[in-house]
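Me: I'd like a close look at one part of this protein. Could you pick a spot, tell me what sits there, and then work outwards to how the pieces pack around it?

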Amino acid sequence: MNGADKPVTPSGTEDTPATPGWVEDSLDTILASLPLAAEKLAPFRASYLDCLAGCGRAADLDSAHDACRQGFLRALKDSLGLNAEAARTLEQQLEQLELSISSDI
């Protein structure tokens, strides 16, 4: 088989479900409003997206999303010094994003 003949692997599988395609763009829009450099946010963004993708296996999606969000917020506060006001706003935006994901899955 040459490269053109290889089957396309879906972005999510039963073991590692993907988040809906629009999630990354929505997250990028949310993160762009933060007073933090995008290059510093990149590894935290990737971890958060990985966590969200793994939520598809969770029995309680809301609880799983809460864990992703809290871990992401804690990392941004502890590692990048995100201030309390920006953290509150970000948490509200992420909650809305996660509600949208839950309704789309």
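Reply: Let's start at Gln93, which is found in helix 4, residues 84–104. Keep in mind that this is a predicted model. Is Gln93 buried, exposed or partly exposed? Its relative accessibility is 28%, so Gln93 counts as partly exposed.

Leaving aside the neighbours within four places in sequence, Gln93 is in contact with Ile30 and Ser33. Along the chain, Gln93 and Ile30 are 63 residues apart, yet 7.0 Å separates their C-alpha atoms. Ser26 makes a second pair to look at: Ser26 and Gln93 are 67 residues apart in sequence, with a C-alpha to C-alpha distance of 9.8 Å. Ser26 has its place in helix 1, residues 22–32, and at 26% relative accessibility Ser26 counts as partly exposed.

The angle between helix 1 and helix 4 is about 170°, and their axes are 11 Å apart. Helix 1 and helix 4 are therefore roughly antiparallel to each other. From helix 1, Trp22, Val23, Ser26, Leu27, Ile30 and Leu31 take part; across from them, helix 4 brings Leu90, Gln93, Leu94, Leu97, Ser100, Ile101 and Asp104. Sorted by class, the contact of helix 1 with helix 4 has 9 nonpolar, 3 polar and 1 charged residues.

Stay with helix 1 for a moment. Val23, Leu27, Ile30 and Leu31 are its buried residues. Looking down the axis of helix 1, the buried residues fall within an arc of 95°, so they line one face of the helix. Asp25, Thr29 and Ala32 are exposed on the other side of helix 1. What do the buried residues of helix 1 pack against? They pack against helix 2, helix 3 and helix 4.

Back on helix 4, follow the chain along to Glu98, which is also found in that helix. Glu98 has a relative accessible area of 2%, so this residue is buried. Which residues does Glu98 contact, leaving aside its neighbours within four places in sequence? They are Tyr48, Leu52, His65, Asp66 and Arg69.

Helix 3 and helix 4 pack at an angle of about 150°, with 10 Å between their axes. Helix 3 and helix 4 are therefore roughly antiparallel to each other, and helix 3 passes helix 4 in a right-handed crossing. On the helix 3 side, the contact is made by Leu61, Asp62, His65, Asp66, Arg69, Gln70, Phe72, Leu73, Leu76 and Lys77, and on the helix 4 side by Ala87, Leu90, Glu91, Leu94, Glu95, Glu98, Ile101 and Ser102. The class count for the contact of helix 3 with helix 4 is 8 nonpolar, 3 polar and 7 charged residues.

Helix 3 also packs with helix 2. Helix 2 covers residues 38–54 and helix 3 covers residues 61–80; the two pack at an angle of about 165°, with their axes 9 Å apart. Helix 2 and helix 3 are therefore roughly antiparallel to each other, and helix 2 passes helix 3 in a right-handed crossing. In helix 2, Lys40, Leu41, Phe44, Arg45, Tyr48, Cys51 and Leu52 meet His65, Cys68, Arg69, Phe72, Ala75, Leu76, Ser79 and Leu80 in helix 3. By class, the residues of the contact of helix 2 with helix 3 divide into 10 nonpolar, 2 polar and 3 charged.

Finally, step back to the whole chain. The protein has 4 helices and 0 strands, and read along the sequence the pattern is α-α-α-α. Of its 105 residues, 31% count as buried. Among contacts with a separation of 6 or more, 66% come from residues 24 or more positions apart. The Gln93 contact with Ile30 spans 63 residues along the chain, and that's where we came in.

How values were computed:
Residues numbered from 1 in each chain as written. Predicted model: local features only at pLDDT ≥ 70, side-chain atom pairs only at ≥ 80, totals over all residues. Heavy atoms only, no water. Axes fitted to C-alpha atoms, helices over the stretch in contact; angles between N-to-C directions. Parallel < 35°, antiparallel > 145°, perpendicular 65-115°, else oblique. Left-handed = near helix turned anticlockwise from the far one by under 90°. Contact = heavy atoms within 4.5 Å. Nonpolar A, V, L, I, M, F, W, Y, C, P; charged D, E, K, R; others polar. Buried < 20%, exposed > 50% of the residue type's maximum accessible area, 1.4 Å probe, protein only. Arc of directions from axis to C-beta.
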